[in-house]
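Here's a quick briefing to read alongside the model. Have the structure open and follow along.

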Amino acid sequence: MTQMARSTPRRLDAFTLASEPGNERLALARVAGTVRGLGLSQARLERLKTAVAEATMNAIEHGNGNRPEIPVEVEVTQNGEEIVVAISDQGGENNTGFGQGEGTRDGQGEGIRDGRGDGAGNHEEPDLARKLDGEQSPRGWGLFLIRNMVDAMHVTTDGQRHTIWLTMRTGGAAHDERM
Amino acid sequence: MTSACEAATRVLPGAAVIELSGEVDGSAATVLTTAYEQAVSADPGPRTVVLDFAAVDYINSTGIALIVSVLARARAERRKVVACGLSPHYREIFDITRLSDFIELFPDLDRAVSQLTPPAA
C-alpha cells in the first residue's frame with residue numbers, strides 16, 4: 001500500500017474574489033466549508049473563520065483599494081496536521097505601510113499592512129483603556145485579532161503580490177482551547 | 001453602505017436594551033449610533049445600556065471598534081454598558097480585546113435584566 005508523505009502539501013481549494021467590501025464573508029464561508037471535517041474543533045474553526053475574514057478584508061480594502069477588478073486570491077492547503085490559508089492581494093510592500101514578518105498567538109510579531117498603523121510598518125498594539133480615553137483610535141483590531149486567532153501567521157511580498165499566510169494545526173493544539 | 005445590522009430599542013426601569021441582529025461591521029455604524037441615542041433619550045436617561053447580541057451572527061474588527069465607541073460614549077455619560085447573548089467565540093473575542101473588563105457579560109437577556117432592574121413591588 002502506498003502512503004502519502006505527511007510533509008507533502010495538498011491543495012484543498014483555490015479561488016478568487018472581487019475586491020468589494022463584504023466579500024470577506026464569502027471567503028470565510030468557503031474556507032470553512034473546505035476545512036470542515038479535517039479535525040478542527042468548532043472553536044478553532046470559528047477562530048480560523050475570523051482570521052480569514054479579517055485578512056481578506058485587509059486585502060480588499062488596503063491591498064487592492066476596493067477595486068473590484070483586482071482579485072483577492074485565496075488558497076487552502078494541508079500539510080500534515082497544518083492547514084494553511086494564503087490570502088494574496090496586489091498591494092505590494094509600498095502601499096500603506098507594512099513589512100514582512102511573522103506573528104504568533106503569544107502576541108509577538110508584526111508584518112501585516114492594515115492601514116491602521118503609523119504608515120511605516122509599525123502597528124501600535126491596541127490598548128482598550130487608551131482607546132476609551134481617546135488616546136488611540138477605536139479601530140486597529142484587525143491584526144490583533146488575526147494573531148490571536150491562528151497558531152501562526154506570516155506575511156510575504158513578491159513584487160506587487162502581498163500574501164498573508166494563516167496556519168492552524170488540526171491535531172494536538174490543545175494549548176489554546178480556552179473555551 | 002447598506003447595513004446588514006438591525007437594532008430594536010426598549011426601555012426598562014433603570015436600563016435600556018438594544019437588541020442587535022445580523023452583522024456588526026462597518027456598515028452598522030449608523031444603526032448602532034441611532035439605537036444608542038434612542039436608548040438614552042428618555043428623561044432621566046438609563047444608568048445602564050444592555051447590548052443584546054443573541055441574534056448577531058457576525059462581528060468583525062470594525063464592529064469591535066463601533067462597540068468601543070459606544071462604550072467610550074457611555075462612560076463619558078456615566079452610564080454602564082453590559083452585554084448578553086454572545087456566542088462562545090465572540091465572548092472569547094470580548095475577552096482577548098479586554099472589552100469584558102469594561103462590559104459585564106451575561107449569558108442571556110433574562111439574566112442581564114434580572115440583575116439590573118429592581119424587582120417589582
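Predicted model: local features only at pLDDT ≥ 70, side-chain atom pairs only at ≥ 80, totals over all residues.

Residues are numbered from 1 along each chain as its sequence is written, while chains are lettered from A and ligands numbered from 1 in the order in which they are written.

**Chain A overall**
- Chain A has 4 helices and 6 strands, taken as DSSP runs numbered from the N terminus (helices H or I, at least four residues; strands E, at least two).
- Starting at the N terminus, the elements go β-α-α-β-β-β-α-α-β-β.
- Of its 179 residues, 37% count as buried, meaning that 20 or more other C-beta atoms, placed from the backbone, lie within 10 Å of the residue's own.
- Take the contacts in chain A between residues at least 6 apart in sequence: 65% of them join residues at least 24 apart. A contact here means C-beta atoms, placed from the backbone, within 7 Å.

**Helix H2 of chain A**
- H2(A) is mostly covered, with 19 of its 22 residues buried.
- Its end C-alpha atoms sit 30 Å apart, which agrees with the 32 Å that 22 residues should span at 1.5 Å a residue; the expected span is 1.5 Å times one less than the number of residues.
- After H2(A) comes Gly65(A), with a positive phi near 60°.

**Where A meets B**
- 16 residues of chain A are in contact with 19 residues of chain B.
- On the chain A side, helices H2 (42-63), H3 (128-132) and H4 (142-149) each supply at least two residues.
- H2(A) gives the largest share of that side, 5 residues.
- The side divides into 9 nonpolar, 2 polar and 5 charged residues. Nonpolar covers Ala, Val, Leu, Ile, Met, Phe, Trp, Tyr, Cys and Pro, charged covers Asp, Glu, Lys and Arg, and the others, Gly among them, are polar.

**The sheet in chain B**
- 5 strands of chain B make an open, mixed sheet in the order E1-E2-E3-E4-E5; strands pair if DSSP finds at least two bridges between them.
- At the edges are E1 (5-12) and E5 (104-106) of chain B, each pairing on one side only.
- E3 (residues 48-59) and E4 (residues 80-84) of chain B pair in the parallel sense over 5 bridges, and Val50(B) has Val82(B) in E4(B) as its bridge partner.
- Helix H5 (residues 109-116) of chain B lies across E1, E2 (15-24), E3, E4 and E5, running at about 170° to E3(B). Axes are lines fitted to C-alpha atoms, for helices over the stretch in contact, with angles from 0 to 180 degrees between N-to-C directions.

Notes:
Contact = placed C-beta atoms within 7 Å. Buried ≥ 20, exposed ≤ 12 C-beta atoms within 10 Å, placed from the backbone.
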